[in-house]
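Trainee: I would like to go through the labels used for this structure and hear the grounds for each.

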Amino acid sequence: MRKINCLSLSLLLLPFLGEATVSKSLKARMSYCSFYSPQKGPYIESYLTIDGNSVCYALNAEGKYQASIEATVIFQRGDSIYYFDKYNLLGPETSDTINAVSDFTDLQRVSLPNGDYTMELTIRDKNQVSAKPYTVKQPINVLYPANIIAFSDIELLKEYNPSETVGKLYKNGFDMIPLVDNFFSKSDSSLKFYCEYYHTEAILDKEPFLLSWQILQYESKSVMEGLSGFARQTPREVGTLLREFNIAELPSGNYNLQVSIRDKNNNLLAEKECFFQRSNPPANAPSMSGELSSGNGAFANTFVTKITNRDTLAEYIRCLWPICSPNENTFAINQLENANMTAMQQFFYDFWVRRNASQPLTAWMAYKAEVDKVNAAYTIGRKKGYLTERGRVYLKYGAPNQISRAYNEPSTYPYEIWQYYALGDQSNRKFVFICQELGSNDFRLLHSDARGEIYEAQWMVILKRRTESLNDVDKTNSRSTYGNQFEQLFQNPR
């Protein structure tokens, strides 16, 4: 399940991260999954959820208050628009806009042949006269070749119920309400999901196979005890998997939900993963509520009590921002502003307990070692390395597998292209950094094809803006000149 999250009308690409405030209040979240139909071919399901408390309401013809969101969806293939749709998403009617509002979700299905696309989403609150539309773009790959066994994306579900009525939410005998998020808090005790698999009948004929599903710890790739299942299956044109995990005891951390198909000889034939995060601190761990323990508190006799210098602890908290969630970042800022030593210690301890409940000190020391590397490599004057874009990406995703540096190409600004062979369930992701202040060594992130990061269709043009003007706002490819390698390096970093 691929994510586009929106906070304060900031579209954060999953999930999963970056903010761009468009209106004062509108909050929305979006995700999408790709599927395949033997009759109609591949298609995309997009799910857009609007926070009912964040929109403006207006009286409709029936005298009820109602929200109205204008949504525009474009799928572009190369330089051509393959699909375009503009529609109004109406919220539920209400007579009480203070206590009786609720979130509302829209589902759209778009048929797309196999290929690479750019999905563009624009949303606007029609009841806010001054509200400006905001647009984000996301690369999408659709690939369901007929000669291999393949999974659909994994769709996380808020709930599912048997149904005999075929509607927008209906699939294979159930109404499925998508979960437009990949974060599970302590109050979430179950993880529900749905996916499909294709072409086992054509590939395996009548040979049975093993279908399995499991939750893996993200960093170690180890299977979480008690969170796995399997079933012997017979080949079919389209198979489905609708399951639920009890995650009440799943500790805080990063995880992958994985489904796979193996033949009778245990050969892996197909696999799909879906990244999610879990926050489930122990009962005696400090919370994010801001309530402080009296006296020695929950972190008494832990490593944080040995950090007694306020400036040192403040610096340690500041360097966490590349890996903070939005809520954690807000909370950290509040602690730094208040400068209460006990509150700062509690937050710092809580942060690392959430990531490694059994060994929070080990987790912190491993991260601090990476921060030291980043500060040594990317600090610019008084700006610490972890505050730079290269430092942030390094701390968030780890060291890249390849870095291509080009500081003296004719016609271009100095740039670097970082390549990651794998980022969670993503593969072969690139980051393009550019330094437009010559001699400063302060490279900012210009473009990435990773979810949750800046996507700039005109990145090649901007790289050459040092010598070429940007007159055509639709231009995405810059004129090639002798000695420039940015396009080749992006396709094949070295």
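**Grounds for the labels**

Mentor: This is a predicted model. Strand 3 and strand 4 are antiparallel and are joined by 10 bridges.

Trainee: What makes strand 3 and strand 4 a pair?

Mentor: Pairing requires at least two bridges, and 10 bridges join strand 3 to strand 4, so they count as paired.

Trainee: Why is strand 4 called mostly covered?

Mentor: Buried means under 20% relative accessible area, and 10 of the 10 residues of strand 4 are buried.

Trainee: Which residues touch the most other members of the largest nonpolar core?

Mentor: I50, I69 and F75 do, in a core of 41 residues. Several strands each supply at least two residues of this core, among them strand 4 (41–50), strand 7 (68–77) and strand 9 (104–111). Strand 3 gives the largest share, six residues. A second, separate core has 39 residues, including I307, M344, V393 and C435.

Trainee: Why does D153 count as buried?

Mentor: The limit is under 20%, and D153 has 2% relative accessibility, so it counts as buried. D153 sits in the loop between strand 12 (150–151) and strand 13 (155–162). A polar atom of the D153 side chain lies 2.8 Å from the backbone nitrogen of S34. The cut-off for a polar contact is 3.5 Å, and the 2.8 Å between S34 and D153 falls within it.

Trainee: What puts the buried residues of helix 2 on the same side?

Mentor: The buried residues in question are L313, A314 and I317. They cover an arc of only 100° around the axis, and therefore lie on the same side of helix 2. The buried residues of helix 2 pack against helix 3 (326–338) and helix 4 (341–355).

Trainee: What makes K368 and D372 a salt bridge?

Mentor: The nitrogen and the carboxyl oxygen must be within 4 Å, and for K368 and D372 the N to O distance is 3.4 Å, so the pair qualifies. Both residues lie in helix 5, four residues apart, about one turn of the helix. K368 is partly exposed at 22%, and D372 is partly exposed at 41%.

Trainee: How do you know that E416 and R390 tie together separate parts of the sequence?

Mentor: Their side chains meet in a salt bridge at 2.9 Å, N to O. E416 belongs to strand 24 and R390 to helix 6, so the pair ties together parts 26 residues apart in sequence. E416 is buried, with a relative accessible area of 2%, and R390 counts as buried at 4%.

Trainee: Where do E453 and R392 lie, the pair that links distant parts of the chain?

Mentor: E453 is in the loop between strand 26 (444–448) and helix 7 (459–463), and R392 is in helix 6, 61 residues apart. Their closest N and O atoms are 2.8 Å apart in a salt bridge. Against the limit of under 20%, E453 at 6% is buried, and R392 at 10% also counts as buried.

Trainee: How many salt bridges does a search of the whole structure find?

Mentor: The search finds 21. E45, R109, E155 and K171 are linked in a network of salt bridges.

How values were computed:
Residues are numbered from 1 along each chain as its sequence is written. This is a predicted model: local features need pLDDT of at least 70, side-chain atom pairs count only at pLDDT 80 or more; totals for chains, interfaces and linings use all residues. Side-chain values use heavy atoms; hydrogens and water are left out. Buried means under 20% relative accessible area, exposed over 50%, partly exposed in between (1.4 Å probe, protein chains only). The arc is that of the directions from the helix axis to the C-beta atoms. Contact means heavy atoms within 4.5 Å. A nonpolar core is a set of buried Ala, Val, Leu, Ile, Met, Phe, Trp, Tyr and Cys residues joined through side-chain atoms within 4.5 Å. A polar contact is a pair of N or O atoms within 3.5 Å; within protein, one must be able to donate a hydrogen and the other to accept it, and residues adjacent in sequence count only if both atoms are side-chain atoms.
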